[in-house]
Amino acid sequence: MAVTDLSPNYAQSRLLKHGPASSRSPASYANRFVDLRCGRRPRVCCSLAPDQVKAPPAPVTNGTASKTECYGVFCVTYDLKAEEETKSWKRMINVAVSGAAGMISNHLLFKLASGEVFGPDQPIALKLLGSEKSFQAVEGVAMELEDSLYPLLREVSIGIDPYEVFQDAEWALLIGAKPRGPGMERADLLDINGQIFAEQGRALNAVASRNVKVIVVGNPCNTNALICLKNAPNIPAKNFHALTRLDENRAKCQLALKAGVFYDKVSNVTIWGNHSTTQVPDFLNAKIDGKPVKEVINDTKWLEEEFTERVQKRGGELIKKWGRSSAASTAVSIVDAIKSLVNPTPKGDWFSSGVYTNGNPYGISEDIVFSMPCRSEGNGDYELVPDVIFDDFLRERMKKTEAELLAERRCVGHLTGEGNAYCDLPEDTMLPGEQ
Ligand SMILES: NC(=O)C1=CN([C@@H]2O[C@H](COP(=O)(O)OP(=O)(O)OC[C@H]3O[C@@H](n4cnc5c(N)ncnc54)[C@H](OP(=O)(O)O)[C@@H]3O)[C@@H](O)[C@H]2O)C=CC1
Ligand SMILES: O=C([O-])CC(=O)C(=O)O
């Protein structure tokens, strides 16, 4: 077990020294994992009154402990304070990443370790969550991190138990999720992945920093984020995000292409609603070179039909070409999402994020996770942007994506403490990658 003792003034961080994790028997992890999963499997369909701060009952555990291990070179003892060049560094932060063996993580982890996300004076500890199946692949990822010699990457630990991996996490980037298999109903996907996010919410609630910021990427990410926050009642609901930044970036690119400008000229783009084919890329409030998009692109039919559909289905178009879903651009958009929270938002602009709707000024139903326009002062928090305009087209589309999220919420009632699940999803509900 890795023991980390890091005080805010960079006191010595001591890690017990282990041999490389790869020298231990994978079977021992497998056995531990199987035991734990049996013990922690959530019970089906509870009946609690809807209450944001009341979590669904935690499943019974069998008391077995599994171990999260520091990896290889990251197990050495070091003293940040004693190293001259590190004296100007900030206090180290703990960043947990699930689905660490997946394609998105394979891009993201190296960006996190390089300093391009949190800054060149921000040392980080990476806590990687895999599973019994992916454990060896996570070791492979950790080996590549070792070989990259990143100065800011001070600690890497890997494990398969979220209750260990999420210990003291200040950021939790929840990427791991089961892809929808052939013939699988969306309701099944909601249930299977929902179970993962219910457990991870409980684990965050139990062991993460009380102010952990959580970005849910694994699909269906809005409802997974809702499940996660409902299972973490001691963490502010405002700290949970569903990633819709990739959709915003896709929308900016399409507007730039149509207007014949470089994409840095496009601002104020909101994605409203669900990260699915009902999402609403907002061209009414968006700007190109500071002017309303509709003044620059004088083609309402294109905006309402082609642009909207192209953004909604961009993920699927990519899958047809690549044979797999967007990974590098998703990692970039996670970086953008984090940077938008840790840096002040440029004056007059905003960014999109799927956030909890309670108290929203737009008339969107409460108690769902819905993508909306946000601004940040750079302290990790955000405020919703009040001064946006609506027209009939925008309102009508927003209603559709809202209805879909309300239906998704009904499907996962057994995982959120709302009571029994009742699934009546609209037939055309799809992830961006589905066609
Ligand atoms: N919100 C958004 O904008 C987007 C969301 N997504 C979603 O993000 C999620 C993750 O996507 P992505 O990283 O591409 O998915 P991958 O299929 O690459 O990884 C998903 C999971 O598969 C397992 N896995 C991956 N590689 C290996 C391996 N070599 N050996 C064993 N197991 C492995 C891991 O699960 P484990 O460790 O648990 O076994 C991993 O978390 C999906 O739900 C996807 O739909 C994707 C794009 C955009
Ligand atoms: O549908 C998927 O799995 C991939 C996805 O979210 C996207 O490309 O936006």
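I began with the record: UniProt, in an unreviewed entry, places the feature "domain: Lactate/malate dehydrogenase C-terminal" at residues 244–412. I noted at the outset that the structure is a predicted model. For residues 244–412 I looked up the secondary structure and found 45% helix and 16% strand. The end C-alpha atoms of this span lie 21 Å apart.

**Ligand 1**

I next looked up which residues surround ligand 1. There are 23 of them, and the closest are G99, M103, S131, S134 and N219. I then turned to the backbone atoms at the ligand. A backbone N or O atom of M103 is 2.8 Å from an oxygen atom of ligand 1. I104 places a polar backbone atom 3.1 Å from an oxygen atom of the ligand. For L243 I recorded a distance of 3.3 Å between a backbone N or O atom and a nitrogen atom of ligand 1.

**Helix 2 and helix 3**

M103, listed among the residues closest to ligand 1, also lies within the range of helix 2, residues 103–114. I examined how this helix packs against helix 3, residues 135–147. The angle between them is about 35°, and their axes are 11 Å apart. I recorded the crossing of helix 2 and helix 3 as right-handed. On the helix 2 side, the contact is made by N106, L109, F110 and A113. Helix 3 contributes V141, E144 and L145.

**Backbone geometry**

Which peptide bond did I record as cis? The bond from N219 to P220 is cis, with omega near -5°. P220 sits in the loop between strand 6 (213–216) and helix 6 (221–230). N219 is also one of the residues closest to ligand 1.

I finally looked up L149, in the loop between helix 3 and strand 4 (153–159). Its phi is near 55°, a positive value in a residue other than glycine.

Note on methods
Residues numbered from 1 in each chain as written. Chains lettered and ligands numbered in written order. Predicted model: local features only at pLDDT ≥ 70, side-chain atom pairs only at ≥ 80, totals over all residues. Heavy atoms only, no water. UniProt positions renumbered as here; feature names shortened; annotations may be inferred. Helix = DSSP H or I, 4+ residues; strand = E, 2+ residues; numbered from the N terminus. Axes fitted to C-alpha atoms, helices over the stretch in contact; angles between N-to-C directions. Left-handed = near helix turned anticlockwise from the far one by under 90°. Contact = heavy atoms within 4.5 Å. Near = heavy atom within 4 Å. Polar contact = N/O pair within 3.5 Å; in protein donor to acceptor, adjacent residues only side chain to side chain.
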